[in-house]
Amino acid sequence: MISTQRIARVAGYGMTQAADAYVYRPTCVEEINKIFDEARTAGRKVTLRGAGRSYGDGNIGSETLLIDITRMNRILSWDASTGIIDCQSGVTIENLWRFCLEDGYWPPVVTGTMYPTLGGALGMNVHGKNNYCQGTMGEHVIDMDVLFPNGELKTLTKDDDLFYAVISSAGLLGVITRVKLQMHHVASGNVDVWAEAAQNWDEQFALFEKYEHNSDYMVSWVDCFAKGAKAGRGQFHGAWYKDREDLASRVAEKQDLPALILGFFPKSLVWKVLKLVCNRPGMRFLNAAKQFASSTIGNNKMHDQSLVAFSFLLDYVPDWRKAYEPGGFIQYQTFIPKEHAKAVFAEQVRLQQEYKLESFLGVLKRHRPDKFLFSHAVDGYSMALDFKVTAKNRVRLWELAHKMNDLTLKHSGRFYFAKDSTLRPEDAAEYLGEGLPKFRKLKSKLDPEGLLVSDLGRRLKLS
Ligand SMILES: Cc1cc2nc3c(=O)[nH]c(=O)nc-3n(C[C@H](O)[C@H](O)[C@H](O)COP(=O)(O)OP(=O)(O)OC[C@H]3O[C@@H](n4cnc5c(N)ncnc54)[C@H](O)[C@@H]3O)c2cc1C
């Protein structure tokens, strides 16, 4: 009998999709096995959740037994001479850098926030601003333990086909319980960062092309309100690791983000200010102001920045997502082959303007393809977009997203489950191609009772 005291409301990070589930927080493999048994006895399904940083419905499951992996957060071994770390899958990106930086190591791939767990990061196979040169998180895993719903615990390496299926399968094949990861050596805790304003789409792409063979990170912001000759304007950042040994900059406390913004304003209050401008006119103004600042202050200059400040910009503003309350927001990210990227992104932005539903934040990244089963990457670019959701705009926003989906599919683009709320089953089937039947075959073998589900898997009819 499952205790009703376990029932809790869980939501995707965008707060637009939520579910009531029976929440369990296991600390070891044996406890996870027991949860599978309980689900069988009760005739219920199981959903996996890490830190809940996926925006949509990949980490929630209505009326399921939800395994929250965050208490499995022990570091099992660390070898500072090789940079190899072995840990339980609830260890977060933050835990990794705090533990290893002093010895001169940084996670090989980090997301725009430091809070994801390794299990969740591998469930989606996350990428960073260095995807074009370092690939995804999965590419840096040496081996990992996976518990399948049939009770089998397997250690998988890159020699196993299953390795490439479990990583990226959005928690639908097995539970990653332990991960051995190769960390990246850094001499300094700081990076050299180059900032350059782009005045239109052509300049944006020219900057990525200029630096793609000789940089460690690249990312660019896009003003989705700009039109005509100014469409696509924004600010590009490239970054380079430093060669000179600098122990002082590697002390974790030196990396901590400041509690005050501009030296006087408590960052814990910033979301309240953001909420005041979290509307079309406010965001049009903020984007224009940012473009003005980008084109003047610090433009075409190299500056020194801590790895944490450069990597986790969004963590500067605690609770920033509350600015989008009460309706929440969706994140939308498509990955387009390089030959079509400029035209597709320009059209996506034009469509947003036609619908008067411009994304409040646009971010461009460069990617490379990988061999994971549900890979999202291509040899090309992605544009990530944040859309505020309200009761009034919801239907039109989904209509806009479906138009952008069609455009993506027409140009052999791909989508990303960590950022998805709007895909239809036929969209997923089309971009996943032969990956979907392969997944279904594996699913029927490893999880014949179909115990592992998520609301995303149900929405997209993956199983
Ligand atoms: C501010 C912000 C910035 C972001 N920036 C980026 C970015 O730059 N690049 C990027 O790629 N993503 C980015 N993301 C998305 C985020 O990194 C991914 O959604 C990541 O998967 C979140 O990890 P999590 O621990 O929160 O997992 P959750 O969101 O809780 O779960 C993710 C998936 O993994 C599955 N899962 C969880 N634990 C396990 C396990 N132990 N074994 C198997 N499957 C499991 C879940 O079922 C789910 O499908 C960002 C998110 C936010 C909020």
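Over the ring of which residue does the charged end of Arg321 sit? The points below take up this matter and others.

1. This is a predicted model, in which local features need pLDDT of at least 70 and side-chain atom pairs count only at pLDDT 80 or more, while totals for chains, interfaces and linings use all residues. Residues are numbered from 1 along each chain as its sequence is written, and side-chain values use heavy atoms, with hydrogens and water left out.

2. The charged end of Arg321 sits over the ring of Tyr13, 4.3 Å from the ring centre. A charge sits over a ring if NZ of Lys or CZ of Arg is within 6 Å of the ring centre and within 35 degrees of the ring normal. Arg366 lies over the face of Tyr381, at 5.0 Å from the ring centre.

3. There are 27 aromatic pairs; rings of Phe, Tyr and Trp (its six-membered ring) pair if their centres lie within 6.5 Å, and planes under 30 degrees apart count as stacked, over 60 as edge-to-face and the rest as tilted. The ring centres of Trp106 and Phe312 are 6.0 Å apart and the planes stand at 40°, so this pair is tilted. Both Trp106 and Phe312 are buried (under 20% relative accessible area, with a 1.4 Å probe and protein chains only).

4. For Phe374 and Phe417, the ring centres are 5.7 Å apart and the planes are at 85°, so the pair is edge-to-face. Phe374 and Phe417 are likewise buried.

5. Ring pairs also join Tyr13, Tyr55, Phe225, Trp320, Tyr324, Phe329 and Phe360 into a cluster.

Technical notes: Buried means under 20% relative accessible area, exposed over 50%, partly exposed in between (1.4 Å probe, protein chains only).
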